[in-house]
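Here is a short walk through one model. Keep the sequence and the coordinates side by side as you read.

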Amino acid sequence: MTDNNRPKPDDRSDNVDRLQEMVQDTIQNIEKAHETMQFTSGEEKEAIKAKNKRREQAIEGMRAEIKDEYRNQEDQ
């Protein structure tokens, strides 16, 4: 196997930072969606609410992953 075909080593050193940025981006998207909802009604408003609910669930998952990654870094 040549060096070009080797997989890169798993570098998890910046996972916590990247996950925190993802959480912040998702929170901003939720806030923008709330602003947008002021100008929508009916089905579109319900779709935004559903998407924000999924975003909130994603944030919960990312925060749990941040805790796991942080613990993993402390153990090393």
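Begin with a cut-off: a residue is buried under 20% relative accessible area, exposed over 50%, and partly exposed in between. The model is predicted, and the residues below are sorted by that scale.

Take Arg18 first. Arg18 sits in helix 1. Its relative accessible area is 45%, so Arg18 is partly exposed. The side chain of Arg18 makes a polar contact of 2.7 Å with the side chain of Asn15. Asn52 is another matter. Between Arg18 and Asn52 lie 34 residues of sequence separation and 21 Å of space, C-alpha to C-alpha.

Now look at helix 1 as a whole. Helix 1 runs over residues 15-37 and has 23 residues. From first C-alpha to last it reaches 33 Å, close to the 33 Å expected at 1.5 Å a residue. Which residues of helix 1 are buried? They are Asn15, Val16, Leu19, Val23, Thr26, Ile30, Ala33 and Met37. An α-helix has 3.6 residues a turn, so residues three or four places apart point the same way. Against what do the buried residues of helix 1 pack? Their partner is helix 2.

Ile30 shows this packing in detail. Ile30 belongs to helix 1. Ile30 counts as buried because its relative accessibility is 10%. Setting aside residues up to four places away in sequence, Ile30 touches Asn52, Arg55, Glu56 and Ile59. Take Arg55 from that list. Ile30 and Arg55 are 25 residues apart along the chain, yet their C-alpha atoms are separated by 7.3 Å.

In soluble globular proteins, nonpolar side chains tend to be buried together. Here the largest nonpolar core has 7 residues: Val16, Leu19, Val23, Ile30, Ile59, Met62 and Ile66. Helix 1 (15-37) and helix 2 (42-75) are the elements that give two or more residues to this core. Helix 1 supplies the largest share, 4 residues. Ile30 and Ile59 are both members of this core, and they also touch each other.

Finish at the connection. The loop between helix 1 and helix 2 contains Thr40. Is Thr40 buried or exposed? Thr40 is buried, because its relative accessible area is 13%, under the 20% cut-off. Leaving aside neighbours within four places in sequence, Thr40 contacts Lys45 and Ile48.

Key:
Residues numbered from 1 in each chain as written. Predicted model: local features only at pLDDT ≥ 70, side-chain atom pairs only at ≥ 80, totals over all residues. Heavy atoms only, no water. Core = buried A, V, L, I, M, F, W, Y, C linked by side-chain atoms within 4.5 Å. Buried < 20%, exposed > 50% of the residue type's maximum accessible area, 1.4 Å probe, protein only. Contact = heavy atoms within 4.5 Å. Expected span 1.5 Å × (residues − 1). Polar contact = N/O pair within 3.5 Å; in protein donor to acceptor, adjacent residues only side chain to side chain.
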